[in-house]
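These are my notebook entries on a single protein chain, written in the order in which I looked things up. I wanted to see how the chain is put together before turning to single residues.

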Amino acid sequence: MNYSKVYIDSFGYELAPVVVSSSDLEKRLEPVYKKMRLNPGQLEALTGIYERRYWHHRHSMHEGASIAAKRALAKSGLSAADIGMVIYGGVCRDNIEPATACSVADCIGVGSHAVVYDVSNACLGVLTGMIQVANAIELGQIKAGIVVSSESARQIVDLTIDRLIADPTMEAFRKTIATMTGGSGAVAVLLTAAEISDKGHRLKGGVLRNAVEHHKLCIWGPDAGVMGAGAQVYMETDSVGVLNHGTKLGKDTFEAFKQEMKLRPDQPDKVICHQVGSAHQKLIMETLGIDTNKDYATYPYLGNIGTVSLPLTAAIASERDFLQKGDLVGFLGIGSGLNCMMLAVEW
């Protein structure tokens, strides 16, 4: 994928207000720890995450996404009437239908001409939405589009803790440790055609690869596969399998990425990765041969916010001047499936 006239004009984001430390979660897990004879401090030691954030109870996904979208619009100088596409890319949604994007589009006031829908691609939802908007811009179908997402970890973590207390085994703990890394937040990415705004960051293109034979390594969905009113959800992850197979997929994707984007040996200058945890960051950087000083991490204090993590981290890295004008920045994303997507952005 190569683009000639697509720019990331602005980002907007909203951090969830309730700060929850790893020690807070471990206090709730005390019966489990006692049963398994685990010492406190395991969550932070295993993941490198000391806190994450949750929305207040009864918070809807479109609320956070709409706030983020309005902030992105305010930074851009464009109006909602300029938006030709609204895509919601979160794993968490307000309803099975209609699309959560419809609620966001209504909140921000886009016109009736806009294309409005949701996409689902695990933690790659926002990046996938960005590609769809970029394709529409490149084809001349629209001149601006916005991709939004809001994720909430509170509900799945609460259910997981209840299940662990009912089944305090090492096997159950192993399958759910990744769930405990979850955080909450919202993000928006506004993309434009060069003809209406080229003051942002040029999206040069990217590549994607899959290893769908590993689609059962991380599952988040209705218990026993039954959807409907009152259905309970669960999440379990083979963390070691995801780490090992995900790293291999990441290496294969990165080699294709360097070739497709014609990168020099010393590029990318900076990278923003999906925020999983310390073990993943260390192994992926070593495997790809990227200096850790080129990477910006938010997982220690925000946790893994799914689709929100990578673009929100890019926004924070830009605000704190980690990303400098002229940097060739790699957005390196991986999600359950397994799917991997890497985008090149000229800052």
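**Entry 1: contacts and overall form**

I began with the contacts, a contact being heavy atoms within 4.5 Å, and I found that residues 24 or more positions apart account for 80% of the contacts in the protein chain with a separation of 6 or more. I must keep in mind that this is a predicted model, in which local features need pLDDT of at least 70 and side-chain atom pairs count only at pLDDT 80 or more, while totals for chains, interfaces and linings use all residues. Residues are numbered from 1 along each chain as its sequence is written, and side-chain values use heavy atoms, with hydrogens and water left out.

I then looked up the helices and strands, which are DSSP runs numbered from the N terminus (helices are H or I with at least four residues, strands are E with at least two), and the protein chain has 12 helices and 13 strands. Its radius of gyration is 20 Å, close to the 20 Å that the globule rule gives for 347 residues, so the chain is as compact as a globular protein of that length. The radius is taken over C-alpha atoms, and the rule is 2.2 Å times the number of residues to the power 0.38. Along the principal axes, the C-alpha atoms fill a box of roughly 65 × 45 × 35 Å.

For burial I used relative accessible area with a 1.4 Å probe and protein chains only: buried means under 20%, exposed over 50%, and partly exposed in between. Of the 347 residues in the protein chain, 54% are buried.

**Entry 2: strand β4 and its neighbours**

I next followed strand β4 (residues 85-88), which runs parallel to strand β5 (residues 115-118) and is joined to it by four bridges; strands count as paired if DSSP finds at least two bridges between them. Isoleucine 87 has tyrosine 117 as its bridge partner in β5, and tyrosine 88 stands opposite aspartate 118. β4 also pairs with β6 in the parallel sense over four bridges, and here the partner of tyrosine 88 is valine 148.

Which way do the side chains of β4 point? Met85 and Ile87 point one way and Val86 and Tyr88 the other way, and all are buried.

**Entry 3: helix α12**

Nine of the 11 residues of α12 are buried, so this helix is largely enclosed by the rest of the structure. Among the buried residues I listed Ser309, Leu312 and Ile316. The buried residues of α12 pack against β1 (6-15), α6, β7, β11, α11 (299-302) and β12. After the helix comes aspartate 321, whose phi is positive, near 60°.

**Entry 4: salt bridges**

I counted a salt bridge wherever a side-chain nitrogen of Lys or Arg is within 4 Å of a carboxyl oxygen of Asp or Glu, and the count comes to 15.

Aspartate 158 forms one with arginine 28, with the closest N and O atoms 3.0 Å apart. Aspartate 158 sits in helix α7 (residues 154-166) and arginine 28 in helix α1 (residues 22-28), so I noted a pair linking distant parts of the chain, 130 residues apart. Aspartate 158 is partly exposed at 21% relative accessible area, and arginine 28 is partly exposed at 35%.

Buried or exposed, I asked of lysine 270 and aspartate 327? Both are buried, and their closest N and O atoms are 2.9 Å apart. Lysine 270 lies in strand β11 (residues 270-273) and aspartate 327 in the loop between α12 (309-319) and β12 (328-335), so the pair ties together parts that are 57 residues apart in sequence.

Finally, I noted that Glu171, Arg174, Lys175 and Asp238 are linked in a network of salt bridges.
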